[in-house]
Amino acid sequence: MSIRPIFGDGQIRTREDATVQLHRASWFGSRVLFDHRRWVCREVEMCWTAPRHLLVLTDAGRTAGTRVQADGRLLFDGPDRPGVFTFVPAGAERTGVYRDADLRYSALWIDPAWDRADRLADLPILVNRNDAVVGALIGALQAEIALGCRPDAAYVEHLLALLGFRLAALDHAPPPPSRHGRLGRRALARVRDYVDAHIADDISLTGMAEAAGMGADSFARRFKATTGTAPYAFVLEERIRRAEALLADAALPIGTIAIRLGFSSQSHFTATFRRLRGTCPRTHRMRILPES
């Protein structure tokens, strides 16, 4: 398997290269795709344009040398190293040379037609930048997926919104003005009703915002100002709160509870329960039902 990217077209010349796909996940009808790979090569020269935004984090490894150009300008000349990220907006052509690469990386491919990707369209190419916030956000997503968990749509929407704000800030573009208004009582009630009705579904930030009658960015800020927690964290807490009640029924399998509460798998449910409650569902059940 070669280095040929998932999306786009161009020219690639390789010598002794191979990739191994480690994990993959997608959301919103594949408008957002996560791809985690290991790539090894002696030398690659490429000129590539993709119809999607691309955000790549180098998790581990390095290159002996990397040289990237765009629009006749040299953007980077030096070795790749762990913790750096690259952002390439859709439609941008980049030319690159990579020597003696042994890298493990996480890539996010984002469809520019997706209505949550607007903020990325005007950003320039950023190559091998080092930023702890971008690294932590992508690293957290990679860690969840590596554990066999597929984060909900609301989590991914929120994460991409944060990444968009951070990338804009790194480009010295001021983010939109902050609004710290609170949600009205009726709007908050509609959101709670929406979560209650869709608790078994893949709840999205957009769906919650529509229930409140406002845009997703404004909703996320106002929801947190009102409740003290982010929308995705609220959904998770609601699911775990209900799980605690359902675990009191010894006849109800833990896997069934996971599906009933909208988790992608029993392992996802177990990992989330342990993170929020400090113990696994089975141990919690044994505490409240010793005879089980």
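1. A charge is said to sit over an aromatic ring if NZ of Lys or CZ of Arg is within 6 Å of the ring centre and within 35 degrees of the ring normal. In this predicted model, the charged end of Arg-239 is placed in this way over the ring of Phe-263, 6.0 Å from its centre. Arg-119 likewise lies over the face of Phe-165, and here the value is 3.9 Å from the ring centre.

2. Aromatic rings also pair with one another. A pair of this kind is described by the distance of the centres and the angle of the planes. The model contains 8 aromatic pairs. One aromatic cluster is formed by Phe-219, Phe-223 and Phe-234.

3. The strands may be considered next, with β3 (32-49) as the point of reference. Strand β1, residues 9-15, pairs with β3 in the antiparallel sense over 7 bridges. Within this pairing, Arg-13 has Glu-45 of β3 as its bridge partner.

4. Strand β2, residues 18-27, is also antiparallel to β3, and 9 bridges join the two. Val-20 stands opposite Arg-38 in β3. β2 and β3 form a hairpin with 4 residues between them. In the turn, Phe-28 has a positive phi of about 55°.

5. Leu-33 has Trp-109 in β8 as its bridge partner. As background to these strands, the side chains in a regular strand alternate between the two faces of the sheet.

6. The largest pocket holds about 480 Å³ of space. It is lined by 28 residues, of which Ile-3, Leu-54, Val-56, Arg-94 and Tyr-105 are the closest to its centre. The elements that give two or more residues to this lining are β3, β4 (53-62), β5 (65-70), β7 (84-88), β8 (93-110) and β9 (126-130). Which element gives the most to the lining of the largest pocket? That element is β8, with 6 residues. By residue type, the lining divides into 17 nonpolar, 6 polar and 5 charged.

7. The second largest pocket has a volume of about 270 Å³. Its lining includes Arg-116, His-158, Phe-165, Asp-217, Arg-221 and Lys-224. Two or more residues of this lining come from each of the elements α2 (153-170) and α5 (216-227). α5 gives the most, with 5 residues. The lining of the second largest pocket divides into 7 nonpolar, 1 polar and 4 charged residues. Phe-165, one of the lining residues, is also the ring over whose face Arg-119 lies.

Terms used:
Residues are numbered from 1 along each chain as its sequence is written. This is a predicted model: local features need pLDDT of at least 70, side-chain atom pairs count only at pLDDT 80 or more; totals for chains, interfaces and linings use all residues. Side-chain values use heavy atoms; hydrogens and water are left out. Rings of Phe, Tyr and Trp (its six-membered ring) pair if their centres lie within 6.5 Å; planes under 30 degrees apart count as stacked, over 60 as edge-to-face and the rest as tilted. On a 1 Å grid over the protein atoms alone, a cavity is a set of points where a 1.4 Å probe fits but cannot get out, and a pocket is an open set with protein on both sides within 12 Å along at least five of seven lines; lining residues have an atom within 4 Å of a point. Grid points are joined across faces, edges and corners, and a volume is the space filled by probe spheres set on the points. Ala, Val, Leu, Ile, Met, Phe, Trp, Tyr, Cys and Pro count as nonpolar, Asp, Glu, Lys and Arg as charged, and the others, Gly among them, as polar. Two strands pair if DSSP finds at least two bridges between them.
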